[in-house]
Amino acid sequence: MVFFMKKRSLLLQMVVSACIALSPLGAETFRVHAMFPLQVPESPPQDAVEEQKIAVGMNDALSLILPEDRTYLSGIELRVKIPEEIAAWRDTIAYSLYNGIEPLPAADIIDYSGERISVNTFPGKLSLIIYIPIAKDFAIKESPYHVIVGAKPDTSDGFVFLRLQLAMKGVPESFERAQFELSARPVLRDLGALALTVLEPEGETNGYQLFIDGEAAEAGGALLLATGEHHLSLTSESYRDEVRTFRIEQARTTALSVQLRGIAPTVRVVSPENAQVYFDGTLLADTKNAFVVTPGDHSVRFVVGDYELVKTVQAVNGRSYTVNLSIDAEVSETD
């Protein structure tokens, strides 16, 4: 019995090879029983309820409709549930990928022409995952648990055309009624986007240089970056250097806003509420916020009752200074 099964399997593979050889890759005209559209979502479904599934027969065709925004799309993951009777007759049903389909796929059209760029058969399994590469950076690796189509289809018309067909004769009549269940998911590129907003001081347009991870970059529009942590720096002769760390998530946009500051030095004074603070001899009305000063030496005088203290600040462009008056009490113990 085992010998008979092995012989039968070998015979089937020989027949399939012969059938495929009779229909080489290239342009052809064909008729399908029905054509079904299946939308490829922009992002993977969160659960089985969200996932769109369709049932197709062995002589049907499938139009995988791509999302309008394909910025992050690197491929299609096609999940197939194979009917038991067809799984028992492995390699009897073929699936082919086409380019240049005419006319455009529609549910009421069954006659098509196109160039077949790939063909394979369904194995003796109850399920199969088929990966169809779309972008050059498609990164799914070969595995015994899935099939990667060896050809990259033309997606300029916004769809991928897949056809199912009988690969050998003499199959059971039940094949006519058998239904494949299919669902499609996007394979996303390992990228995200940075939406950077750089704000210059009001009325100033002095310009700046942007660096991402040490490499020069152009500000404006979304910047595509690999997922993970990144470092940003903004440099200018007219503004202070600004440095930020941010994370990029897959297929998401990270918004980041940076306010540029002038290079003039700033001073902030911290003192008790009952202290009077004089900056260069002028009493400060506001000691909560930092203020801009000119480069050079400046005096800060604190007056608390009969107590007075003067400090000098040597201000330099591009630096910020905090002058902090702290009054402490020291406790000592003697015998």
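Modeller: Let's start with arginine 189, which lies in the loop between β11 and β12 (191-199). Keep in mind that this is a predicted model.

Colleague: How far is arginine 189 from valine 323?

Modeller: Their C-alpha atoms are separated by 51 Å, and along the chain the two are 134 residues apart.

Colleague: New topic: the largest nonpolar core. Which of its residues touch the most other members?

Modeller: That core has 36 residues, and the ones touching the most other members are Leu62, Leu64, Ile76, Leu78, Phe122, Ile130 and Phe180. Several elements each supply at least two residues, including β3 (53-56), β4 (61-65), α2 (84-87) and β11 (180-188). The largest share, four residues, comes from β5.

Colleague: Why would such residues gather like that?

Modeller: In soluble globular proteins, nonpolar side chains tend to be buried together.

Colleague: Tell me about phenylalanine 180. What does it touch?

Modeller: Not counting residues up to four places away in sequence, phenylalanine 180 has contacts that include Ile54, Val56, Met58, Val80, Ile86, Phe122 and Leu164. Lys81 and Pro83 are on its list too.

Colleague: What about a second core?

Modeller: A separate one has 16 residues, among them Phe291, Val304, Val313 and Leu325.

Colleague: Switching to rings: how many aromatic pairs are there?

Modeller: The count comes to ten. One of them joins tryptophan 89 and phenylalanine 175, edge-to-face, with 6.4 Å centre to centre and 85° between the planes.

Colleague: Where do those two sit in the chain?

Modeller: Tryptophan 89 is in the loop between α2 and β6, and phenylalanine 175 is in the loop between β10 and β11, so the pair links parts of the chain 86 residues apart. Tryptophan 89 is partly exposed at 25% relative accessible area, whereas phenylalanine 175 is buried at 0%.

Colleague: And which pair is tilted?

Modeller: Tyrosine 131 and phenylalanine 138 form a tilted one, 6.3 Å centre to centre with 55° between the planes. Tyrosine 131 is buried at 9% relative accessibility, and phenylalanine 138 is buried at 15%.

Colleague: Last one: which residue's charged end sits over the ring of tyrosine 278?

Modeller: Arginine 301, with its charged end 4.3 Å from the ring centre.

Terms used:
Residues numbered from 1 in each chain as written. Predicted model: local features only at pLDDT ≥ 70, side-chain atom pairs only at ≥ 80, totals over all residues. Heavy atoms only, no water. Core = buried A, V, L, I, M, F, W, Y, C linked by side-chain atoms within 4.5 Å. Buried < 20%, exposed > 50% of the residue type's maximum accessible area, 1.4 Å probe, protein only. Contact = heavy atoms within 4.5 Å. Phe/Tyr/Trp six-rings, centres within 6.5 Å; stacked < 30°, edge-to-face > 60°. Lys NZ or Arg CZ within 6 Å of the ring centre and 35° of its normal.
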